[in-house]
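Here are my notes for your first look at this chain. Please keep the model open beside them.

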Amino acid sequence: VFVSIDSFLQAWHQNYRGILSDQEEFILSTQFEDILDSMREQLPLIRDLGLSESLMPSLHDADFYLTVALSLFRGEAVGSILGESDELVRAAVDGVEELAVKAFPLFGRRNPEPFDFSQFKPRGHYTKSVRLQRYFRAAMWCGRVDFRVAGPENLASERELGTAAILQEALVVSGKLESWNKFDRFIQLFV
């Protein structure tokens, strides 16, 4: 009987993939949803603490960003917590369902750029269950949407920097920073 290194690597990879899949489906997805939901719940509090008028568009962008992630996780469009982004949330969820590349207006950018919604098609072990598919889409949203906080003047956006700062504040105020750090360390370990 000939046993190659490839057969050992294949067996190791199958075990790795199974462990990761189980952890994502039964633990990480629940933590991820909780973090997103807890951050989103802080947005009215952040608004009511005397947020400057110049940061209000950033606050609504944070609401849009988190609401789309939760909508993808829950499998249906969820109403924005501040009530200003429902139409844009619905358009983003529809874009994910269409799996097409199309111009999409993110964060008040003057010229909507093509956004590749085809990347939201679950693949690999993420096709095994509805929960993993939804987790994949929500995580893909959080990973694919970029905040242009620095760079050339024509790309950097103070509004998006404000959105990033509000998201950071929502994470801290929600008390989920340590949960996020644990979540991130786990993913780093597997990567």
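This is a predicted model: local features need pLDDT of at least 70, side-chain atom pairs count only at pLDDT 80 or more; totals for chains, interfaces and linings use all residues.

1. Residues are numbered from 1 along each chain as its sequence is written, and side-chain values use heavy atoms, with hydrogens and water left out.

2. The chain holds seven helices and two strands. Their order along the sequence is α-α-α-α-β-β-α-α-α. Helices (H or I, at least four residues) and strands (E, at least two) are DSSP runs, numbered from the N terminus.

3. The C-alpha trace spans about 75 × 35 × 35 Å along its principal axes. Of the 191 residues, 40% count as buried, meaning under 20% relative accessible area with a 1.4 Å probe, protein chains only.

4. Among contacts (heavy atoms within 4.5 Å) with a separation of 6 or more, 59% join residues 24 or more positions apart.

5. Helix α1 (residues 5-41) packs with helix α5 (residues 130-144) at about 50°, and their axes are 10 Å apart. Axes are lines fitted to C-alpha atoms, for helices over the stretch in contact, and angles run from 0 to 180 degrees between N-to-C directions. The two helices are therefore oblique to each other: angles under 35 degrees count as roughly parallel, over 145 as roughly antiparallel, 65 to 115 as roughly perpendicular and the rest as oblique.

6. Which residues of α1 meet α5? They include L28, F32 and L36 in α1, which meet a set in α5 that includes L132, Y135 and A138.

Note on methods. Buried means under 20% relative accessible area, exposed over 50%, partly exposed in between (1.4 Å probe, protein chains only).
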